[in-house]
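Dear colleague,

I am handing over the structure we spoke about, and you will find the sequence and the model just below. My notes on what was found follow after that.

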Amino acid sequence: MAASSVFVEACLGRSVDRLPVWLMRQAGRYLPEYRELRGRFPFLTLCKTPSLAAEVTLQPVERFRMDAAILFSDILLILEAMGVELAFGEKGGPRLGSGEPGEERVRLLSVPDPADDMGYVLDAIRQIKGSLPDGCALIGFSGAPFTLATYLIEGGTSRDFYATKAFMYRQPSAFHGVMEKLVDALEPFLKAQIAAGVDAVQLFDTWAMILSPADYGKFVLPHMQRLVAGLKNQGAPVLHFSLGTSTLFKEMVRIGADVLSLDWKIDMGEARALLGPTQAVQGNLDPFALFQDTAGLEASVRGILEKGSRWPGYIFNLGHGVHPKTPVEKVRRLVEVVHGFPVGGADQGAQG
Ligand code: 1CP
């Protein structure tokens, strides 16, 4: 069960007898069984139909036996529950609102009730918990407030984040107000996911990379600290995801998350040395390393495992999501290599 899963143990920095592995975007288009379902249903229908969301969540763990499943959903759904129109076109990514300026969209925001407005997420969690393979943990998630604020203010994805940064610099107190409103919505939503049965929660801050350390410290860190403090003592470790942010480590360790994610641009050994033996981490294979031949892939994975497993508190993952063109057999081999890796690197076990 949850407390004894190697994934949760590693999140909490405890020694494990084998290293846990899961992959960001492990449910998705590289899997034929996902493409088959996706051919029959629009993306939002998959997310909002608990039996379908449960089926997609379970697809990769049934096939590859990862140590954690991640709920199939999307970070943007809460913005819809907060009162903003959301659409996923077949091309061109998500669209928020209907073309009005971002400043108008943020005025629409209300704080949703998780059970009333996002009950489909909670129902999916309950269904998944009934069918998870033994020892497999379930990860719930949300977007982090800053990344959600970018989608909200831009109305979708962006190249330069002009609207977000202009808003942040020109109207700092209004920007803090948006971040506060998002935390007000995210904390009960994540608590409801934990109450419904997830074993851990991950906060996705995909776009934190666009900020300087000073601006991250001023505009983001206090809100992250409030959110993570609110999630303490709920019985579920908190994982933080970002990429391109090794220059923000000093700020990010202050968030208080149990686990920090690393992307492939920093050497795993260097990152662990910088963060120290008590900071659990996950990462950090380049998703495109799965396009090498098998021997190349095995060497890349083992190289990271040797450095990552130096201390307890290590979870193997990619630095970002699985690419849709990834060969399925390479994912299988990756999981086998991690599971076959002997734990007991230099200092493992010392903190037993
Ligand atoms: O066409 C399709 O089938 C939809 C593609 C898709 C999928 C499979 C989207 C649209 N979202 C998802 C699922 C998803 N998104 C999950 C659960 C599945 C899993 O991880 O296995 C999760 C955790 C997310 C999180 C998410 N959504 C993030 C943060 C992580 C990251 O990748 O950086 C972000 C930024 C989004 C927004 C989003 N949703 C979908 C797209 C194409 C995007 C990105 C748009 C952009 O580039 O800005």
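This is a predicted model: local features need pLDDT of at least 70, side-chain atom pairs count only at pLDDT 80 or more; totals for chains, interfaces and linings use all residues.

Phe 161 is found in the loop between H9 and helix H10, the latter being residues 162-170.

Next, the pocket and the ligand. The largest pocket holds about 1,500 Å³ of space, and of the 41 residues that line it, the closest to its centre are Arg 25, Arg 29, Phe 43, Asp 74 and Phe 88. Helix H2 (32-40) and helix H9 (145-154) each contribute at least two residues to the lining of this pocket, and by residue type the lining divides into 23 nonpolar, 12 polar and 6 charged.

The space that the ligand takes is this largest pocket. The ligand is surrounded by 20 residues, of which the closest are Tyr 34, Asp 74, Tyr 151, Thr 157 and Thr 206, and the shell around the ligand divides into 12 nonpolar, 5 polar and 3 charged residues. Three of these contacts can be described at the level of atoms. In the side chain of Asp 74, an N or O atom is 2.7 Å from a nitrogen atom of the ligand. An oxygen atom of the ligand lies 2.5 Å from a polar side-chain atom of Tyr 151, and an oxygen atom of the ligand is 2.6 Å from an N or O atom in the side chain of Thr 157. On its own the ligand has 900 Å² of accessible area, and the protein covers 84% of it.

Finally, the cavities. The structure contains 3 cavities of 30 Å³ or more, and the largest cavity has a volume of about 70 Å³. It is lined by 14 residues, and the closest to its centre are Ser 73, Asp 74, Phe 141, Ser 142 and Phe 189. Helix H5 (77-81), strand E4 (137-143) and helix H11 (172-196) each supply at least two residues of the cavity lining, which divides into 9 nonpolar, 4 polar and 1 charged.

With best regards

Methods. Residues are numbered from 1 along each chain as its sequence is written. Side-chain values use heavy atoms; hydrogens and water are left out. On a 1 Å grid over the protein atoms alone, a cavity is a set of points where a 1.4 Å probe fits but cannot get out, and a pocket is an open set with protein on both sides within 12 Å along at least five of seven lines; lining residues have an atom within 4 Å of a point. Grid points are joined across faces, edges and corners, and a volume is the space filled by probe spheres set on the points. Helices (H or I, at least four residues) and strands (E, at least two) are DSSP runs, numbered from the N terminus. Ala, Val, Leu, Ile, Met, Phe, Trp, Tyr, Cys and Pro count as nonpolar, Asp, Glu, Lys and Arg as charged, and the others, Gly among them, as polar. A residue is near a molecule or strand if one of its heavy atoms lies within 4 Å of it. A polar contact is a pair of N or O atoms within 3.5 Å; within protein, one must be able to donate a hydrogen and the other to accept it, and residues adjacent in sequence count only if both atoms are side-chain atoms. Accessible areas come from the Shrake-Rupley method with a 1.4 Å probe; for residues, only the protein chains shown count as cover. A molecule sits in a cavity or pocket if more than half of its atoms lie within 2 Å of its grid points.
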